[in-house]
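Subject: Handover of a structure, with notes

Dear colleague,

Please find the structure below, together with its sequence. My notes on what was found follow directly after it.

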Amino acid sequence: MEPIIRLHQVTYHPRTATQPIVKSLSLELYPAEVLVLLGPSGSGKTTTLRLIAGLELPDDGLITIRGVPAGRTMPPEARRVGMVFQDYALFPHMTVLENVRFALHATPKPQQLDQAMHAIAQVGLAGLEQRMPHQLSGGQQQRVAIARALAPQPSVILLDEPFSNLDTAIRDRVRTELRTILRAANTAAIIVTHDQTEALAIADRVALLHDGILHQIGTPEDLFGEPRTRFAAQFMGSADFVSVNAQFHTPLGTVTPVGTVAMAANLSVLVRYDDIAVTVDTTQPNAEVIERLFEGPHYHYTCRLDNGECVHCRTPHETKIPIGQRIGLSFAATHPMVCFAAEVACGHVTAVDTGRRS
Amino acid sequence: MRAASVRTTPYHAPRRAVWLLTLLIAGLAATPIVLVLVRGLLTPYTQELPPWPFLLRLLQNTSLFALGTAGITGIIGIGQALLIEQVPMRWRRLWRVVAVLPLAMPPYVLAMTVGSVARPRGSLERWLVEQHWTEWGTLPFGMFYGLAGSIVLLALCLSPYVFLPVSAALRQTSGHLDEQARLCGVPWYTRWWHVTVPMLTPSAFGGMVLVFIYALGEYGLPSLLRLPTLSTAIFSRYIGDIDQSGTALLSLPLVCAALGLLHWSNRLGGQAPLHHGPTWRPRPEREGSRRMQFLAHATLLGLSVCALLVPLGVLGAWVLQPAPYAAATQVHWLVLASGAVRTFLVVGAVASLTTMIALAPALVLRTGGFWGAVLARIGQAGSAMPGIVVALGVVFVVSDWVPWLRGSLLPLILAYIIRSAPQTIQSSDAAFMPIPHVYREAARGMGASSARVFWRIMMPLARPGVLAGWALIALGLLKELPATLLLRPVGFDTLAVHIWMPASEGMYHAAALPALLLLLGAVLPLSQILVHDMRRDRRVEE
């Protein structure tokens with residue numbers, strides 16, 4: 001399949017910045033795909049989006065849109081990509097309908113109205129065509145911006161932090177709606193976000209950026225289950241690292257390598273709270289509870305292992321362990337776990353002894 | 001009236017003293033104008049008044065002068081703002097400062113200095129003739145006198161009135177709007193017409209209305225440039241007219257024009273664009289093409305040469321090379337120095353006093369409900385009146401009701417207050433408005449009295465804006481001429497009078513030193529305005 005957008009070794013280094021904001025970035029976007037650019041603030045996500053839109057020009061590398069090289073000769077107005085800015089950028093002096101029609105500049109006059117009304121109906125705002133932007137709620141404003149981006153039926157739209165200005169209460173709903181709208185319109189999208197749960201929920205593929213470098217690109221499951229760098233593991237959430245010695249002993253029990261593991265002095269294994277079993281009444285405790293959070297269905301604990309490392313674990317809500325109590329922690333995971341040497345993944349290990357779940 | 005719809009809770013309701021001060025200002029502002037209106041309407045048209053054809057010409061001159069000045073100022077101010085804010089270029093901050101500097105330049109100083117260069121047989125024509133490039137009188141230097149010259153010169157002086165609000169509006173508009181329009185695929189002219197222009201129209205319009213009213217009442221510049229307008233006619237009648245009824249009749253059209261304009265602009269200017277969400281600006285490192293940058297720099301430089309460098313240069317030359325008649329006309333330096341001290345003291349005191357008492361209407365405007373808004377608007381009526389009308393109104397008040405005040409300083413101070421109160425109300429209101437209600441509610445919740453809330457919460461937050469308002473009116477009063485000439489006690493010569501007296505008789509050299517002193521005195525308030533503007537700017541960019 002031909003990618004709609006292709007970035008090849010793109011670098012962006014403005015004069016005032018001490019180092020490049022985007023460093024030789026390569027990625028592809030395929031038709032009807034939702035690609036999420038994920039990363040902490042300042043990682044170059046928004047800049048990447050602006051490079052694709054043509055609002056900035058790369059210092060090096062090549063951006064291809066629908067097979068055509070998009071450089072200085074293809075200004076933003078010729079790229080035919082929809083864009084939804086973080087502040088929505090609705091024209092404050094135009095009604096909803098006028099805002100959407102403004103994007104249909106290239107459409108013949110007679111069809112403009114129909115197409116605009118269709119786009120407005122598509123995002124569920126039928127009946128609000130004559131409202132001014134300031135008369136709409138944040139969620140409605142965002143949908144107008146999406147309708148405006150989708151109205152000319154572009155093959156791709158770009159969304160910059162589309163959910164950041166919305167209340168958490170409606171964010172989940174809007175996210176699902178956006179997926180439905182994009183699927184119905186058969187439009188590919190690149191969405192910028194710094195929220196990894198959002199990325200996991202909405203993306204077909206996630207591209208993880210840090211300091212302008214692409215750390216990993218893949219399905220959400222890949223990124224969460226098989227992080228290739230320590231940063232990726234940490235950023236995808238709830239990651240703890242437990243050190244592994246030369247005999248493959250860890251504070252949580254012994255592990256065996258799966259396939260080859262490149263041995264290193266500071267080897268550690270990635271554990272998430274669901275990989276850890278908790279034993280409350282044990283003769284051989286190996287950790288101390290130092291913090292407890294009640295999260296409704298379960299308790300979430302921070303525990304300090306005897307070697308000083310901290311890990312997180314959970315118990316069901318009927319088991320409440322007091323802070324300061326010593327408990328036993330062991331591996332619960334039966335699946336291979338990722339090992340890291342310094343910053344980079346170097347293989348997998350599985351636990352020898354599991355199932356001491358209390 | 002949007003102000004009236006603001007939620008009023010017991011926490012915010014103004015106190016009685018605040019209401020009284022508001023009433024005082026509203027009364028001060030309304031009385032002279034009503035008196036001018038009444039006397040103008042009651043004056044019969046008699047033989048002693050100028051003949052009809054002459055009156056019609058005055059009307060025509062005045063309206064063309066005011067309209068033309070508003071238009072040209074709009075072009076200059078909007079053009080400067082667009083060049084400075086939208087062309088990506090270096091020295092942007094410097095140009096922002098330079099574009100505001102003409103605020104300090106009195107129009108009559110600009111007229112006499114640029115005049116010495118550009119008038120017929122001025123230094124420019126003499127130089128051209130000496131180079132044998134032209135003969136005396138072949139080039140149209142005569143256009144300098146009359147309508148064309150007056151309009152252009154006043155517009156150069158008043159361009160900050162349009163530049164400041166338009167540039168602020170451009171800076172506060174999210175840069176994403178323009179980019180969004182580009183991504184919609186529309187050509188640049190559609191983008192410009194449908195996105196940029198609507199964004200800056202309300203602010204530009206507001207500025208141009210101010211300029212229009214300023215031009216209606218401007219006296220010094222048209223009389224130096226030999227353009228008879230209603231204002232100059234009012235003056236010459238005032239000198240020779242004992243009962244002053246003729247002057248009231250002449251100022252009737254000015255009052256009507258200003259009132260009509262105020263009514264009209266309230267309806268039109270109310271549709272300010274509503275901005276919401278964070279403001280985003282393009283990265284400063286992006287630069288436009290070299291040609292575009294060069295054109296922008298050249299235009300801005302040309303404007304500042306005309307409005308600033310030429311006047312300063314000419315003033316400097318006059319001071320350094322005294323005219324042959326200098327010995328006869330030169331005012332003793334002690335007289336001049338005392339005039340300068342007197343000017344700065346009075347202007348500083350009146351500006352401070354006005355700023356203090358105008359805090360009351362500024363508070364009442366948004367928290368006093370319907371009547372608060374009405375009273376505060378009446379207090380602003382002085383801004384809609386040409387300066388000469390206000391001065392005349394105060395003359396009538398004094399001569400009709402308190403004749404024993406004639407000859408004292410009080411009438412002049414009253415006129416100054418009425419002239420500058422609207423500006424202060426406006427800038428204080430703009431300083432108070434962004435302070436969230438919750439701050440006051442939180443402070444009251446902690447048991448603070450309303451006075452304590454005002455002095456400890458509101459004032460510290462509003463101080464930069466209030467100080468900028470002070471600076472703006474101080475600048476206005478420094479160069480104030482018509483009210484000073486009409487109302488000053490004998491011997492009370494401000495710097496403006498020291499400039500005007502010799503200048504009106506063509507002895508420009510004698511006016512140079514006081515003019516330089518005046519510009520020097522304007523540095524302090526001007527820097528206040530610039531600091532405020534830059535602080536706001538930094539906030540937007542952060």
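Predicted model: local features only at pLDDT ≥ 70, side-chain atom pairs only at ≥ 80, totals over all residues.

For the angle between two axes, a value from 65 to 115 degrees counts as roughly perpendicular.

**Helix packing in chain B**

In chain B, helix 4 (residues 107–118) and helix 12 (residues 290–320) have axes that come within 9 Å and cross at roughly 75 degrees. Helix 4 of chain B and helix 12 of chain B are therefore roughly perpendicular to each other. On the side of helix 4 of chain B, the residues involved are B:Val109, B:Leu110, B:Thr113, B:Val114, B:Ser116 and B:Val117. They meet B:Cys306, B:Ala307, B:Val310, B:Pro311, B:Val314 and B:Leu315 of helix 12 of chain B. Sorted by class, this contact of helix 4 with helix 12 of chain B comprises ten nonpolar and two polar residues, and no charged residues.

A further residue of chain B deserves a remark. B:Leu210 belongs to helix 8 (residues 188–217) of chain B. B:Leu210 is buried, because 20 other C-beta atoms lie within 10 Å, and 20 or more is the criterion for that class. The C-alpha atoms of B:Leu210 and B:Met385 are separated by 9.9 Å, although the two residues stand 175 residues apart along the chain.

**Contact between the chains**

How many residues does each chain bring to the contact? Chain A gives 23 residues, and chain B gives 23 residues. The side of chain A that touches chain B consists of 14 nonpolar, five polar and four charged residues.

**Overall picture of chain A**

Chain A contains nine helices and 21 strands. Its C-alpha trace spans about 80 × 45 × 40 Å along the principal axes. Of the 358 residues in chain A, 42% are buried. Among contacts in chain A with a separation of 6 or more, 66% are between residues 24 or more positions apart.

Chain A is divided into domain 1 (5–228) and domain 2 (238–351). The C-alpha centres of these two domains of chain A lie 39 Å apart.

**The six-stranded sheet of chain A**

An open sheet in chain A has six strands in the order 6-7-8-3-9-10, and its pairing is mixed. Strand 6 (82–84) and strand 10 (213–218) of chain A stand at the edges; each has a single partner strand, so one side of each is left without a neighbour in the sheet. Neighbouring strands of this sheet are turned by 15 degrees against each other on average, with direction ignored.

Helix 5 (residues 138–150) of chain A lies across strand 6 and strand 7 of chain A and runs at about 170 degrees to strand 6 of chain A.

**Strand 20 of chain A and its partners**

Is strand 20 (residues 337–341) of chain A mostly covered or mostly open? Strand 20 of chain A is mostly covered, with four of its five residues buried. Strand 14 (residues 267–271) of chain A runs antiparallel to strand 20 of chain A, and three bridges join them. Strand 21 (residues 344–351) of chain A also pairs with strand 20 of chain A in the antiparallel sense, here over five bridges.

A:Cys339 has a partner in each of these pairings: A:Val269 is its bridge partner, and A:Gly347 in strand 21 of chain A stands opposite A:Cys339. Strand 20 and strand 21 of chain A form a hairpin with two residues between them. In its turn, A:Ala342 has a positive phi of about 55 degrees.

**Further positive phi values in chain A**

A:Ala89 has a phi near 50 degrees, a positive value in a residue other than glycine. A:Ala89 is placed in the loop between strand 6 and helix 3 (96–102) of chain A, and A:Ala89 is buried, with 27 other C-beta atoms within 10 Å.

A:Ser238, likewise not a glycine, has a positive phi of about 40 degrees. A:Ser238 is found in the loop between helix 9 (230–235) and strand 11 (240–243) of chain A. With 15 other C-beta atoms within 10 Å, A:Ser238 is partly exposed.

Yours sincerely

Terms used: Residues numbered from 1 in each chain as written. Chains lettered and ligands numbered in written order. Contact = placed C-beta atoms within 7 Å. Nonpolar A, V, L, I, M, F, W, Y, C, P; charged D, E, K, R; others polar. Buried ≥ 20, exposed ≤ 12 C-beta atoms within 10 Å, placed from the backbone. Domains from an automatic or database assignment. Pairing = 2+ DSSP bridges. Axes fitted to C-alpha atoms, helices over the stretch in contact; angles between N-to-C directions. Parallel < 35°, antiparallel > 145°, perpendicular 65-115°, else oblique.
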